[in-house]
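Please keep the sequence and the model in view while reading.

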Amino acid sequence: MTEDTTLVKRSRYAVAAVFCVHGSVTGSFATRVPWIQEHAGVSAGQLGLALAFPALGAALMMPLAARVSHRFGTRNALRGLLALWTLALILPSLAPGLLGLCAALFIYGGTAGMADVAMNALGVEIEHRLKKSIMSGLHGLWSVGALLGSAVGTLAAHANVSAQVHHAVVAVVLTVIGAVVCHFVLNIHPEEDEEPPARFALPPKSALLIGAVGFCAVFAEGASLDWSAVYLRDILGSSAAVAAGATTGFALTMAIARLTGDAVVDRFGAVRTVRWSGVIATLGGLLVVVSPTAVVAMAGFGLIGVGIAVVVPLAFAAAGHTGPNPSQAIAGVATITYASGLVAPSIIGGIAQASNLTMSFIVVTALAAGIGVFARVLAPRQPAVRSGQ
């Protein structure tokens, strides 16, 4: 094994740890939203408004990640951006009111998005050097981190620990872990004559097409996570416990599929994998729509989770192989997918208000079918390998 191969493999494990840390922040925050709402003194409607600001911050700040990586190199950029993200966890619990909460969540989302772009771009580079798929597994470890963060948050809430104390402790621990693991990632610098990327630039057309596939997957994900329990309760008359099981089952099947997805991608390729993923997700959506019982609907949501699991990781990987600047293309795809996650729950609710939830999931099923139809845009390309150690 050459020294370069050893460095790349070491970097793979380090980046995997970064994904886990990133997910842990999200899980830590999500479990304490009720505490934050009460502390800030905002209504449910005001909270909904505030929760739009992370996506807004991410969309505006993600394009800057490419410039940061160009100036400081991938290692220092990732170390700094990840630290900003982990420390930003402290801010929402300190917000005194609606305006403060919106500002805190804007910073929280902006730092999340920049770190997200940096770690995905580095993951794509490592995947290219290893010549095998790793992005699905990396995103699976993000899901594991989110589960760990939410578990700790649940325990803290049960023990009546304030979110301010909980998040301060978690932020410090995750910042230290992040700083340590970032020391072992590849340190890639631009060529001396390479122009710095623009602060804000439109992604290449190919990235927009890739983002459209990611949009379909994230729309189905957001709809299933936020509305699966409501669907079982309102459409099929299930109990609260059974309805909650649909959401848990969906999240679990998606995490398992991501952790095992790289082997499938290596065997069948990205395009065939995503094409069949779209078929599986579409079948899941059809089961949900026609389900006569809760069991059938839960199986449908599980199939949706399996079907969409690898789509976003492969979309990021494909984006990283387009154009001269992987970070810029990934930022474009990430912006589109973030937007999908933001609008999906409200669109599903609007359709349900005008018609019913069954009609809402007919739309989800149609978008899932689009994943398979347009899978060919994720065909891999061969980028130039940049120097780094």
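In what follows, a contact means that heavy atoms lie within 4.5 Å. The model under discussion is predicted. By that definition, of the contacts in the protein chain with a separation of 6 or more, 85% are between residues 24 or more positions apart.

As to secondary structure, the protein chain contains 17 helices and 0 strands. Its radius of gyration is 20 Å, close to the 21 Å that the globule rule gives for 389 residues, and the chain is therefore as compact as a globular protein of that length. The C-alpha trace spans about 65 × 50 × 35 Å along its principal axes.

The next matter is the division between interior and surface. Of the 389 residues in the protein chain, 51% are buried, where buried means under 20% relative accessible area. The accessible surface amounts to about 16500 Å², and carbon and sulfur atoms account for 69% of that area. With regard to charge, the chain carries 21 positive and 16 negative side chains, and the centres of these two sets are 4 Å apart.

Attention may now turn to helix α8, which runs over residues 98-130 and has 33 residues. From the first C-alpha of α8 to its last, the distance is 47 Å, close to the 48 Å expected at 1.5 Å a residue. Just after α8 comes lysine 131, which adopts a positive phi of about 60 degrees.

Definitions and conventions
Residues are numbered from 1 along each chain as its sequence is written. This is a predicted model: local features need pLDDT of at least 70, side-chain atom pairs count only at pLDDT 80 or more; totals for chains, interfaces and linings use all residues. Side-chain values use heavy atoms; hydrogens and water are left out. Helices (H or I, at least four residues) and strands (E, at least two) are DSSP runs, numbered from the N terminus. The radius of gyration is taken over C-alpha atoms; the globule rule is 2.2 Å times the number of residues to the power 0.38. Buried means under 20% relative accessible area, exposed over 50%, partly exposed in between (1.4 Å probe, protein chains only). Accessible areas come from the Shrake-Rupley method with a 1.4 Å probe; for residues, only the protein chains shown count as cover. Lys and Arg count as positive and Asp and Glu as negative; His and the chain ends are not counted. The place of a charge is taken as NZ of Lys, CZ of Arg, CG of Asp or CD of Glu. The expected span of a helix is 1.5 Å times one less than its number of residues.
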